[in-house]
Amino acid sequence: MIPFNKPYLTGKETHYIYQAVMSGKLSGNGLFTKRCQQLIEQRYNFHKVLLTTSCTDALEMAAILLDIQPGDEVIIPSYTFVSTANPFILRGANVVFADSSEESPNLDIDLIESLITSKTKAIVPVHYAGMACDMNKLMQVAKEHNLFVVEDAAQAIDSYCSGKELGGFGHLSAFSFHETKNIIAGEGGMLVVNDERFAERAEIIWEKGTNRSSFFRGEVDKYGWVDIGSSFLPSEITAAFLYAQLENLDEIQSKRKYLWNLYYEYLEEVQVKGLLKLPIVPLYATNNAHMFYVVCKDFEERNALIEHLSKDQVHAVFHYISLHTSPYYAHKHDGRILNNADYYTERLVRLPLFYELDEKQIYHITESIKAFYRND
Ligand SMILES: *Cc1c(COP(=O)(O)O)cnc(C)c1O
């Protein structure tokens with residue numbers, strides 16, 4: 001069976017973990033954490049990066065930093081993972097779901113203005129499959145209405161919008177290093193602080209509400225409890241693993257892009273025949289090859305295709321069930337019909353994409369898809 005995902009190891013992970021262990025410093029915010037944070041800050045020109053135990057945690061930090069209060073409204077796409085919503089729900093906010101656009105599962109920016117009320121506090125765009133929302137347009141809307149923007153850039157490492165790195169637009173941004181993403185640490189993530197006003201408090205919230213970080217820099221002579229917070233920082237073991245991955249970022253990215261382009265090349269004829277839709281990379285966006293998905297004609301065909309691939313030893317999977325229809329939130333949703341989010345819920349299929357996949361396997365997978373549409 002060709003698995004849907006297989007975590008890639010560069011070979012240096014255990015070496016760096018060994019170093020971390022032998023250094024005698026295993027808890028967070030040590031040498032490897034600093035190395036990872038610096039590498040990312042320099043490469044992408046981010047103001048400040050804090051490693052976290054997950055992207056979910058980074059988004060929780062963002063919700064605390066924005067001082068989200070009960071009754072505040074936060075606009076997020078419906079077609080996303082629960083972690084885009086939960087951190088704001090935990091602070092008592094109501095999420096207002098935006099529909100996807102027609103061309104991609106990303107939220108439809110033209111709709112946002114109609115969703116803004118006097119209670120709206122923030123917009124949380126998701127860059128689905130690592131392909132950018134039109135951030136220049138979105139930041140403009142946010143600015144006009146004095147709203148914060150938090151990018152859920154979980155899937156968007158090393159991807160750009162109009163030449164600027166994703167995660168660099170919002171006041172705050174969150175990335176994931178979960179084992180299903182391009183760059184992994186098992187479980188892991190990071191918060192990017194672009195708005196300087198949040199930098200100092202972010203460190204405090206990160207370290208359980210204490211000013212421990214400034215204490216270790218010698219800025220204060222004792223540290224204590226100064227704000228709310230939690231344990232958002234990963235151990236040095238996680239950071240050591242991540243550092244090995246980050247060192248190989250270019251190699252990982254170029255292999256993934258090569259595989260993605262093969263999929264596209266082999267499947268284009270099926271799209272030309274009007275049988276299947278392939279992803280659209282907007283002109284302003286780059287493709288970081290996080291995911292290769294196809295969009296089927298309808299729900300039945302989507303399920304039949306997954307079944308057909310499974311018989312050919314290929315593990316393909318559907319993706320999100322739109323959050324506005326979820327058991328937890330359906331009765332809280334305001335009742336608007338979100339046609340495009342439903343469309344992707346019913347029709348989208350993700351194909352295997354991981355570093356060690358090879359050209360022969362992609363040929364096998366795409367031939368299986370072509371056979372499905374020839375009915376043989
Ligand atoms: C993976 C993912 C998350 C969650 O990331 P974790 O690191 O597992 O918390 C959140 N949002 C989106 C869009 C994701 O793809």
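Colleague: Which residue with a positive phi follows α7?

Modeller: The model is a predicted one. In it, the residue that comes after α7 has a positive phi, near 60°. That residue is lysine 208.

Colleague: How many of the eight residues of helix α7 are buried?

Modeller: Buried means under 20% relative accessible area. The buried residues of α7, which spans residues 199–206, are Ala199, Ala202, Glu203, Ile204, Ile205 and Trp206. The helix is largely enclosed by the rest of the structure because the number of its eight residues that are buried is six.

Colleague: Which elements do the buried residues of α7 pack against?

Modeller: The list holds both helices and strands. The strands are β1 (48–52) and β9 (189–193). The helices are α2 (31–44), α3 and α8 (212–216).

Colleague: Which element gives the most to the lining of the second largest pocket?

Modeller: This pocket has a volume of about 300 Å³. Two or more of its lining residues come from each of α2, β1, α7 and α8. The greatest share, four residues, comes from α2.

Colleague: How many charged residues does the lining of the second largest pocket have?

Modeller: The lining consists of 16 residues, and those nearest the centre of the pocket are Asn29, Lys34, Gln37, Glu203 and Arg217. Divided by class, the lining has four nonpolar residues and four polar ones, and the number of charged residues is eight.

Colleague: What is the volume of the largest pocket?

Modeller: The largest pocket is lined by 29 residues, with Gln155, His178, Thr180, Lys181 and Tyr320 closest to its centre. By class, 11 of the lining residues are nonpolar, 13 are polar and five are charged. Its volume is about 500 Å³.

Colleague: Which element gives the most to the lining of the largest pocket?

Modeller: At least three lining residues come from each of domain 1 (13–248) and domain 2 (250–375). Among the elements, α3 and β11 (348–351) each supply at least two residues. The one that gives the most, with three residues, is α3.

Colleague: How far apart do the C-alpha centres of domain 1 and domain 2 lie?

Modeller: The domain assignment sets domain 1 at 13–248 and domain 2 at 250–375. Contact between them involves 43 residues of domain 1 and 38 residues of domain 2. The distance between their C-alpha centres is 26 Å.

Colleague: Where does the second largest cavity lie?

Modeller: This cavity has a volume of about 40 Å³. Its lining is made of Ser104, Pro105, Asn106, Tyr128, Met131, Ala132, Ile280, Pro282 and Tyr293; seven of these are nonpolar, two are polar and none is charged. Both domains give residues to the lining, so the cavity lies between domain 1 (13–248) and domain 2 (250–375).

Colleague: How much space lies in the largest cavity?

Modeller: The search of the whole structure turns up two cavities of 30 Å³ or more. The largest has 14 lining residues, and Lys6, Tyr8, Lys181, Asn182 and Arg256 are nearest its centre. By class, this lining has seven nonpolar, three polar and four charged residues. The space in the largest cavity is about 90 Å³.

Colleague: Is isoleucine 252 buried or exposed?

Modeller: Isoleucine 252 belongs to helix α10, residues 249–272. Beyond its neighbours within four places in sequence, isoleucine 252 is in contact with Tyr8, Thr10, Asn182, Ile183, Gln245 and Tyr355. Its relative accessible area is 2%, so isoleucine 252 is buried.

Colleague: What distance separates the C-alpha atoms of isoleucine 252 and asparagine 303?

Modeller: Along the chain, isoleucine 252 and asparagine 303 are 51 residues apart.

Notes: Residues are numbered from 1 along each chain as its sequence is written. This is a predicted model: local features need pLDDT of at least 70, side-chain atom pairs count only at pLDDT 80 or more; totals for chains, interfaces and linings use all residues. Side-chain values use heavy atoms; hydrogens and water are left out. On a 1 Å grid over the protein atoms alone, a cavity is a set of points where a 1.4 Å probe fits but cannot get out, and a pocket is an open set with protein on both sides within 12 Å along at least five of seven lines; lining residues have an atom within 4 Å of a point. Grid points are joined across faces, edges and corners, and a volume is the space filled by probe spheres set on the points. Ala, Val, Leu, Ile, Met, Phe, Trp, Tyr, Cys and Pro count as nonpolar, Asp, Glu, Lys and Arg as charged, and the others, Gly among them, as polar. Domain bounds come from an automatic or database domain assignment. Buried means under 20% relative accessible area, exposed over 50%, partly exposed in between (1.4 Å probe, protein chains only). Contact means heavy atoms within 4.5 Å.
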